[in-house]
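Subject: Structure handover

Hello,

Here is the structure for your files. My notes on it follow below.

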Amino acid sequence: MRNRSFLFLMSMGVFLFAGCSGATSEPNAQGEQPKPPPAKANPVTLQVASQGSSTVLDEEFKQVVQSFMAKKYPHITLNFNPESTATSLDALLAAGTIPDLIVTFNGNLASYKEKELVSDMTPLFQTAGIDLSRFEPGYIVDVKNASDKGEMYGLPINVNYHAMYYNKDIFDKFGATYPTDGMNWEQLTDLAKKVTRMESGTQFRGLDPGSTVIWMSQPLSIAAIDPKTDKASLRTDKWSRVFKLAKSIYDIPGNGMITATPKDQFMKSKTLAVLLDLNILTQLAAAGKEGLNWDVAQYPSYTEKPNTYGNASVYVMLATKTGKHREDAVKAIELITSEEVQLALSKKGRLSPLKSAQVKQALGADNPDLKNKHLPSIFKSLPVEYPIASPYRGKAEGILVNKFKEYVNGTVDENTALAQAEEEINKMVATEKTK
């Protein structure tokens, strides 16, 4: 009996010793105490709103991002709210719901200051170890231009480029040479005349410049409204030149303005020879399966501004100023702008804001429908610096475009169109400021 008691006490002693030894771990070979395992992060769902970026946040983008998120930050779930009536950014704000993250193009950022949605995220990026030198410097400047203090409201996750897309079959049909890199506007207009034809009852248009006169004006660094004064500034030689050049394109017999969208005419009816547009590689890849024989060339330039296109329209992701989960929101931004995620997105055909040569060279690599396309031409031109945006820019450009249409239709002459647009824009701003 005494032996059993002795054995019991001995076993209890070993047990207690083992319990005590667990409280003080042995140091490693370097004499350092091992770190305790990290605490498991609480699950969080980040609400993502967007404005003017539905083409960026498509299902393909979401799948790529969510797969990387599940690996690195499994506790974070991103809920992408569609840009529909009920879940648009304005609708969410009206309902008192502040999203954790917003994706928009940099032209919208200035207007978010009044809504108390943005703040300088530079300190948060520094804490998260995000290296801004990995980005193309021009895109960082484009984001900073939204602030009069050079603050960083967010980070670029995708950028628009301007490119020239053309239907090879139409050029073959009419025995014309394909567009080439390095063309200026006048050369392209002359080429468009050769493929603007009526054939067997079908009207083929040679060229659509896209966005009427707005994109054509951007390489000259002119704007419909001065952001410093909120005054229209249209009666200039540069604006006169843009109006005349754009009209010369639409004045080509058979190449006038259309009611259908230029993209539909290019990709669906296949009656447009040259389309100037932005990032539409994934749409073109799909159209290629439906018989569109297309390729891409460098965007046309003004003679005095070679290898230059318009505003890049940098798509920015930001953590809202009053969001409840800012630390996790920054983690999401850090992940999406990482080399790994940007490489995966580039392979899908999306232009990255990073300087990385590897990411650039991978453009479209995972899409067999983009094989043998002249994609390097996209990188031959660079965007102009994005202008400091006026909060009235969108409405001002709408007024300008309507006046340009009147000019093309012969309702007013060029000087009258520009003068009337300037007057209407100034009236619009005065009205908006009284609201």
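Which residues of α13 are buried? In this predicted model, they are D328, A329, V330, A332, I333, E334, L335 and I336. The buried set of α13 includes D328 and E334.

Next, the core. The largest nonpolar core has 128 residues, and the members that touch the most others are L78, L101, Y165 and I425. In soluble globular proteins, nonpolar side chains tend to be buried together. Leaving aside residues up to four places away in sequence, I425 has contacts with A224, I225, A232, L234, A396 and I399.

Two packed helices are described by the angle between their axes and the distance between the axes. For helix α16 (residues 393-408) and helix α17 (residues 414-433), the axes come within 9 Å and cross at roughly 155 degrees. An angle over 145 degrees counts as roughly antiparallel, and α16 and α17 are therefore roughly antiparallel to each other. Their crossing is right-handed. On the α16 side the contact is made by K395, A396, I399, L400, K403, E406 and Y407. These meet E414, A417, L418, Q420, A421, E424, I425, M428 and E432 in α17. By type, the residues of this contact divide into 9 nonpolar, 1 polar and 6 charged.

- K270 is a residue other than glycine with a positive phi, near 55 degrees. K270 sits in the loop between α11 (262-267) and β10 (272-277). Its relative accessibility is 24%, so K270 counts as partly exposed.
- N372 is not a glycine either, and its phi is positive at about 70 degrees. N372 is found in the loop between α15 (357-361) and β14 (382-384). With 70% relative accessibility, N372 counts as exposed.

One last item concerns V141, which belongs to helix α6 (residues 137-144). V141 counts as partly exposed because its relative accessibility is 32%. From V141 to E151 the separation is 10 residues in sequence and 9.8 Å in space, C-alpha to C-alpha.

Regards

Key
Residues are numbered from 1 along each chain as its sequence is written. This is a predicted model: local features need pLDDT of at least 70, side-chain atom pairs count only at pLDDT 80 or more; totals for chains, interfaces and linings use all residues. Side-chain values use heavy atoms; hydrogens and water are left out. A nonpolar core is a set of buried Ala, Val, Leu, Ile, Met, Phe, Trp, Tyr and Cys residues joined through side-chain atoms within 4.5 Å. Buried means under 20% relative accessible area, exposed over 50%, partly exposed in between (1.4 Å probe, protein chains only). Contact means heavy atoms within 4.5 Å. Helices (H or I, at least four residues) and strands (E, at least two) are DSSP runs, numbered from the N terminus. Axes are lines fitted to C-alpha atoms, for helices over the stretch in contact, and angles run from 0 to 180 degrees between N-to-C directions. Angles under 35 degrees count as roughly parallel, over 145 as roughly antiparallel, 65 to 115 as roughly perpendicular and the rest as oblique. A crossing is left-handed if the near helix is turned anticlockwise from the far one by less than a right angle, and right-handed if clockwise. Ala, Val, Leu, Ile, Met, Phe, Trp, Tyr, Cys and Pro count as nonpolar, Asp, Glu, Lys and Arg as charged, and the others, Gly among them, as polar.
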